[in-house]
Amino acid sequence: MNFKTPRHVIIREEALDDVPQVLKEYGCDSLLIVSDVNVRMLYGVRIEQILLRMNIKPIFINVSTNDRPTLDKMHVELSTLDFDCVAGMGGGRPVDVGKYLAFKLEKPFISIPTSISHDGFASPIVALKDENGNPLSLFTAPPISVIVDLDVISQAPRRLLASGVGDLLGKITSVADARLAAREVGEHVPESALRMAEAAAHIVLENIESIVSFSKKSMTLLAEAGLLAGMSMSIAGSSRPCSGSEHLFSHAIDKLYPGRALHGEQVGVGTIIAAYLHGMDWIRIKQALNAVGAPTSIEDLHMTLDEAVTALLLAPRLRDRYTILHKLSLEDKELREIVLRTVSKAKHQ
Ligand SMILES: [Zn+2]
């Protein structure tokens, strides 16, 4: 084993106040903050005041794209500026982009999520788009520090948090896929990484009644689960413990029908299907997603039956990472039946 994980994790109320101390620990006197227009408007002044109190100079950049060629150009321009550390502050994209830029610039990266819409805030994985607009998943380095302010997270739109629940419940089937690959094609993923990913999903599943309230206390559970998922990917050296057939379904939707729904929303629906294929308790997963108001059907994802089947046919061809979809190699007619049975509001005929 050879892996890196975050060195300092803070999950508490008013955790933004801790940012300067954390930066000082790493010898940072100046900070590049990657965020977006919305987050900058909500928290920009506050974080700037907190940093200036400790004489840390922030440089803000807003990102509106996660397109790799654009970010590579941005990296060249940024390399002429003077800053010691990079922070990603926002939902999914600013954290991903900040992590990527920090990796390219070889600077320490601090993750400051403002919502938990997916599991990327503590992971070494970056989700970008390549030059053709296709989804790209890169293994970089995990954040050196993760700072989750519960006051901030609990203010995030419910839809984003419900999406996070979908991404985290997805670990039930991604771990099942990894174990299947170990049995059938001899792939090795450290057991510790699988157990952590599994624990992340179970923290969410077993506490779903409390998470529904989206209170600060329940946001702690979501943050802890996201942290475990992120660390499991660091240990495994890939996204394997956290990304199986349910993610392939989501990636296929991104490729074929971009912009239909959020990542975690698509993963959640994919998890119901994948759990059914694995012979697991898919109804419990569906009930949990339903409880937090996350999509549980293809109609909720604004997809037709034909589109869902096309996405499921494409999914195993996107990556040769062995999953239940590879094992079963289902055809159009069978997939149609399965979608109707598990994730469609249309009457099963
Ligand atoms: Zn995901």
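**Notebook: zinc site, helices and voids**

I began with the zinc ion, whose donor residues follow the spacing D-x79-H-x15-H in sequence. His-247 sits in helix α11 (residues 245-256) and His-263 in helix α12 (residues 263-278), so this pair ties together parts that are 16 residues apart in sequence. I note that this is a predicted model, in which local features need pLDDT of at least 70 and side-chain atom pairs count only at pLDDT 80 or more, while totals for chains, interfaces and linings use all residues. Residues are numbered from 1 along each chain as its sequence is written, and side-chain values use heavy atoms, with hydrogens and water left out.

**Zinc site**

I listed the protein donors as Asp-167 (OD), Asp-167 (OD), His-247 (NE2) and His-263 (NE2), at 2.1 to 2.8 Å from the zinc ion. Donors here are N, O and S atoms within 2.8 Å of the metal (3.2 Å for Na, K and Ca); water is not among the atoms, so sites may look incomplete. The 4 donor atoms subtend angles of 50 to 136° around the zinc ion, which makes the arrangement irregular.

I then looked up accessibility, where buried means under 20% relative accessible area, exposed over 50%, and partly exposed in between (1.4 Å probe, protein chains only). His-247 counts as buried at 5%, and His-263 as partly exposed at 26%. Asp-167 is among the buried residues of α6.

**Helices**

Helices are DSSP runs (H or I, at least four residues), numbered from the N terminus. The expected span of a helix is 1.5 Å times one less than its number of residues. Helix α6 is mostly covered, with 9 of its 12 residues buried.

Helix α10 (residues 216-236) has 21 residues and reaches 30 Å from first C-alpha to last, close to the expected 30 Å. Just after α10, Gly-237 has a positive phi of about 75°.

In the loop between α9 (208-211) and α10 I found Phe-214, a residue other than glycine with a positive phi near 50°. Phe-214 is buried, with a relative accessible area of 6%. Ser-329, also not a glycine, has a positive phi near 45°; its place is the loop between α15 (324-328) and α16 (332-342).

**Voids**

I took cavities and pockets from a 1 Å grid over the protein atoms alone: a cavity is a set of points where a 1.4 Å probe fits but cannot get out, a pocket is an open set with protein on both sides within 12 Å along at least five of seven lines, and lining residues have an atom within 4 Å of a point. Points are joined across faces, edges and corners, and a volume is the space filled by probe spheres set on the points.

The second largest pocket has a volume of about 240 Å³. It is lined by 14 residues, and those closest to its centre are Lys-4, Phe-109, Ala-141, Pro-142 and Ile-144. Its lining has 8 nonpolar, 1 polar and 5 charged residues. Nonpolar covers Ala, Val, Leu, Ile, Met, Phe, Trp, Tyr, Cys and Pro; charged covers Asp, Glu, Lys and Arg; the others, Gly among them, are polar.

The largest cavity holds about 60 Å³ of space, and its lining has 3 nonpolar, 6 polar and no charged residues.

Definitions and conventions. Helix = DSSP H or I, 4+ residues; strand = E, 2+ residues; numbered from the N terminus. Tetrahedral: all angles 85-135°; square planar, octahedral: opposite > 155°, others 65-115°.
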